[in-house]
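This report goes through salt bridges, the contact between the chains and some backbone features. The sequence and structure come first.

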Number of protein chains: 2
Amino acid sequence: MIDGSIQTFPLTLNCILDHAAKWHPEVEVVTAGEGDANRRVSYALLRERARKVSRVLRDFGVVLGSRVATLAWNTQTHVETWYAIMGMGAVCHTLNPRLTATQLAWMLGQSDAKILIVSADLLPLAIKVAADASRLERILVIDGSPGGENAGTAELLALEPLIERAIADFEWGGFDECSPSGLCFTSGSTGAPKGVTYTHRSSFLHTLRLLQADVLGLKSIDTVLPVVPMFHANAWGLPFAVPATGGKLVLPGRHADGASLARLIAAEEVTIAVGVPTVWLGLCEHLEATGSQLPSLKRIIVGGSPMPPALMERIEKRLGVPVQTSWGMTELSPVGTFGVMSDTVRNAALSGRPALGVDLMLADANGDPLEEQREQEGRLHVRGAAVIERYFGQENSAITAAGWFDTGDLARIDTQGNLMITGRAKDLIKSGGEWINPAEIEAVVGALPQVSLAAVIGRSDHKWGERPILLVEMREDHDISDQDLLASLRGRVASWWIPDAVVRVPSMPLASTGKIDKIRLRATFGGA
Amino acid sequence: MIDGSIQTFPLTLNCILDHAAKWHPEVEVVTAGEGDANRRVSYALLRERARKVSRVLRDFGVVLGSRVATLAWNTQTHVETWYAIMGMGAVCHTLNPRLTATQLAWMLGQSDAKILIVSADLLPLAIKVAADASRLERILVIDGSPGGENAGTAELLALEPLIERAIADFEWGGFDECSPSGLCFTSGSTGAPKGVTYTHRSSFLHTLRLLQADVLGLKSIDTVLPVVPMFHANAWGLPFAVPATGGKLVLPGRHADGASLARLIAAEEVTIAVGVPTVWLGLCEHLEATGSQLPSLKRIIVGGSPMPPALMERIEKRLGVPVQTSWGMTELSPVGTFGVMSDTVRNAALSGRPALGVDLMLADANGDPLEEQREQEGRLHVRGAAVIERYFGQENSAITAAGWFDTGDLARIDTQGNLMITGRAKDLIKSGGEWINPAEIEAVVGALPQVSLAAVIGRSDHKWGERPILLVEMREDHDISDQDLLASLRGRVASWWIPDAVVRVPSMPLASTGKIDKIRLRATFGGA
């Protein structure tokens, strides 16, 4: 032994809550109350409660590598069960309550979780799931009581009394940092849902990437509201990043409507709020209707779907704060890029640069790198410390021989290194043998002040194969003629890209992830 | 294979320069010119040159694990050789030119480096070193020419012509992230110098810790001047952290006087400047003498020795920017804590909180944790991802069974978690069987506007064992009587702590690290 060494420091996620509890013990995690006072707990106490949950789970047979499922809103107890599961080396399998019981039971069958943790108001769904998930042994109800419900062969218990009786003596960690920590199935918009298995190391390194000043740039003085659900790719990593900095974490529960968010932001003096664009549309509408202000806010972070420039302008004007764009996906843990706030020019269409730890590459249809990587459209590939290698349960790698994951997105990268997503490869419309990119048409129409949401899909056409049609949801009390809608496109896109028809929808169908559900649109409107 | 996986992403330091060269290719690394224009290179070109240096070193027999020494100022070529050495998996052994040739030759013997890279103006020292380092095979001169010098059995070559002839085809990385990347000997103020071996993983994780918004919080728009030398614990990690964010890196070469720094900061529009407190004293004196301003500056970062409150106030007033304090040591890679700039109260005596990845503990003289960790003085212990486990060449661990490294510092931690270093355990003076802490006396005297630097040491005393004496260096054109100096202590420290004598020194002796050299002071003034 002559070379000297540095301490071993396994990058396990329990270290994050340990750090928050030791160095920011009194900082709070707040959950929106249901008609009553917000619920609040300190990091120190949250850690104690989470260690008690680990004890409860151990008593139910959970060991290193066991999968434990959650079907829950963003609440304190959900965060506690997360850290309890991950801290003991079990795998937290988050389920999306907007999916059907059949889909969820299939996912449970895949992960073979024996325990399901469920928000009380999602219990009816959980009971349906249990009926189809024969290997499920226990349902633990959080944020409410199981009442007199019956879950068939699965035992139904309230978690809170078990926490109260447990001892906080569980020792977290002590396993390999490459152990799996989480499992999240993608929405499966192109076939069967695919599971992404996160590891302690990958989510820890993802957290450190987020914390960089040009990414999330969180400070201990910040109060952060993740409206994005914990069942969507770990709420973009915020339940890790916020405790890691010692900031205050504010959880919205199940309500993401404008009035609920406005109340919560004002009451808890939220400085940074994070969610998909449509959430901020609701908040703006509420503020415009009530004339109220949210002076504590410093920044809005958006991601998950393209940011309409008109909405970005509206948010910035209405809230008086800058909007930070981002791009990511479940397979990336999930953040790929973040808009750089210190850049002089910001733009709704730009999703920012990659920070150290993730790398981007544009390829042609064969996956070969474009010779010129700037100002060219290509198929976006990504690699890095928190990027998928292989989907859950699949034998084949999800990456190329050179180590790149094909995102399925089409993108450009400008000379400053900023990413611009230009579409989804699978959403492209093939018309007369040539490609039409719906995203470019949507960007123009979506920027009109009268338009709330716009979507372009291909409709079968006996002559051209497919032709684009435009679907629009209008803003309340606004209107514009079909002719003027299409006129807005002249000179902005090729004339043969201009849609053949305009369809007005009262409410745009959204997928379980909050994005426009093009599968449903195509099923309804895509026929000849 | 059913569980899914995330990509392997070895945390090797070459990734940092790869990232800078790809995503910030045109951002510059600037080196202060010696009487002529500053030298500048882009990250893209710097990476190409560094890869050529790797090729040169490979041709000289350097392989994975080989040690290559550098004896050089902060310059572009020094950065290039760093990345060249580390990128190929060799170990960069940095040498401090303020040590003697005998000390340096001893260190070279320890690391068994066969190649020494040396700044041209340090060549006379290097030649003396070579005379005592029989296994040294080659000296490569950077930033100048070897002239007609002769280095005995070691071959003497200029590096630049070799770079120009080399091909930039070297493939960096591909080795284990726990491979050693650097070696730095401590100043050895308490015995033989001890070597600290950094690894790629430890310095990478250290970099990510620095990048957190509440630590360095660097942004790509920043221009950073590390006045702290690269031979001092990796220049506090800045040659990694700055490229990691895509910021501009400005290197001072060998000149750290006020006039040189003022010129460089103004010419390159430096936003963040980093160095030991005495450096900023020189800068303030220059600015006060010339009446000039440095409008680009946003922040000064200090560390390496206690920050006198009067100097902090003077810098903040003179430069109009906040001073960020820090605490660290070679064994910590080196940063332990950073003052949190967003905190409402800042204080020269506080060194900030630990960020995720490092943890602090106060212990008693036996190394047992104090029961109460806040508002109590104890012996500071540390652990984390970039903290030493075992010194180079030593068999015994440097950490306790519980995994803590004893820093030898005395400290308090306030209720907000802020660290206050209160002294060095080995500097304590034992007088009449009781301890006197020189640091507390120095803090009071050092705060006087007339005093530039103050040091208290123990002098042998036949009655009390030791008694404190005060050594002071006055500010230019300022004076204060001995009586008034000592009067400033009344009511601030115990009356028996008040020094028995005042000694005025024209210039306080500084150790090779820039800290006050108490060993020399004790040797000169410590006798009875």
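This is a predicted model: local features need pLDDT of at least 70, side-chain atom pairs count only at pLDDT 80 or more; totals for chains, interfaces and linings use all residues.

Arg39(A) counts as partly exposed because its relative accessibility is 30%. Glu160(A), with a relative accessible area of 27%, is partly exposed. Both residues take part in a network of salt bridges that links Arg39(A), Arg49(A), Glu80(A), Asp143(A) and Glu160(A).

Another salt bridge in chain A joins the side chains of Asp112(A) and Lys114(A), at 3.1 Å from N to O. Asp112(A) has 24% relative accessibility and therefore counts as partly exposed. Lys114(A) is partly exposed, its relative accessible area being 25%.

In chain B, the side chains of Arg51(B) and Glu48(B) meet in a salt bridge of 3.3 Å, N to O. These residues are three residues apart in helix α2 (residues 43-59) of chain B, so about one helical turn separates them. Over all chains, a search of the whole structure finds 64 salt bridges.

## Relation of the two chains

## The interface

The contact takes 72 residues from chain B and 72 residues from chain A. Between them, chain B and chain A bury about 5,400 Å², with 54% of it on carbon and sulfur atoms.

Four salt bridges are found across the interface of chain B and chain A. In one between the chains, the side chains of Arg201(A) and Glu177(B) meet at 2.8 Å, N to O. Residue pairs in polar contact between chain B and chain A number 31, counting pairs with both residues at pLDDT 80 or more. On the side of chain B that touches chain A, helix α7 (residues 200-211) of chain B gives the most, with six residues. By class, that side of chain B has 35 nonpolar, 22 polar and 15 charged residues.

## A buried loop residue

Asn234(B) is placed in the loop between β11 (223-226) and α8 (238-245) of chain B. Is this residue buried or exposed? Asn234(B) counts as buried because its relative accessibility is 5%.

Leaving out residues up to four places away in sequence, Asn234(B) touches Trp82(B), Tyr198(B), Ser203(B), Pro239(B), Phe240(B) and Ser333(B). Of these, Ser333(B) is also joined to Pro334(B) by a cis peptide bond.

## Backbone features

The cis bond between Ser333(B) and Pro334(B) has omega of about 5°. Pro334(B) is found in the loop between β16 (326-328) and β17 (335-338) of chain B. In chain A, the peptide bond from Ser333(A) to Pro334(A) is cis, with omega near 5°. Pro334(A) lies in the loop between β16 (326-328) and β17 (335-338) of chain A.

Asp477(A) is not a glycine, yet has a positive phi of about 65°. Its place is the loop between β26 (465-474) and α13 (482-487) of chain A. Asp477(A) counts as exposed, at 78% relative accessibility. In chain B, phi of Asp477(B) is near 60°, a positive value in a residue other than glycine. Asp477(B) is found in the loop between β26 (465-474) and α13 (482-487) of chain B, and Asp477(B) is exposed, with a relative accessible area of 77%.

Conventions. Residues are numbered from 1 along each chain as its sequence is written. Chains are lettered from A and ligands numbered from 1 in the order in which they are written. Side-chain values use heavy atoms; hydrogens and water are left out. Helices (H or I, at least four residues) and strands (E, at least two) are DSSP runs, numbered from the N terminus. Buried means under 20% relative accessible area, exposed over 50%, partly exposed in between (1.4 Å probe, protein chains only). Contact means heavy atoms within 4.5 Å. Buried area is the accessible area (1.4 Å probe) that two parts lose on being put together, summed over both. A polar contact is a pair of N or O atoms within 3.5 Å; within protein, one must be able to donate a hydrogen and the other to accept it, and residues adjacent in sequence count only if both atoms are side-chain atoms. Ala, Val, Leu, Ile, Met, Phe, Trp, Tyr, Cys and Pro count as nonpolar, Asp, Glu, Lys and Arg as charged, and the others, Gly among them, as polar.
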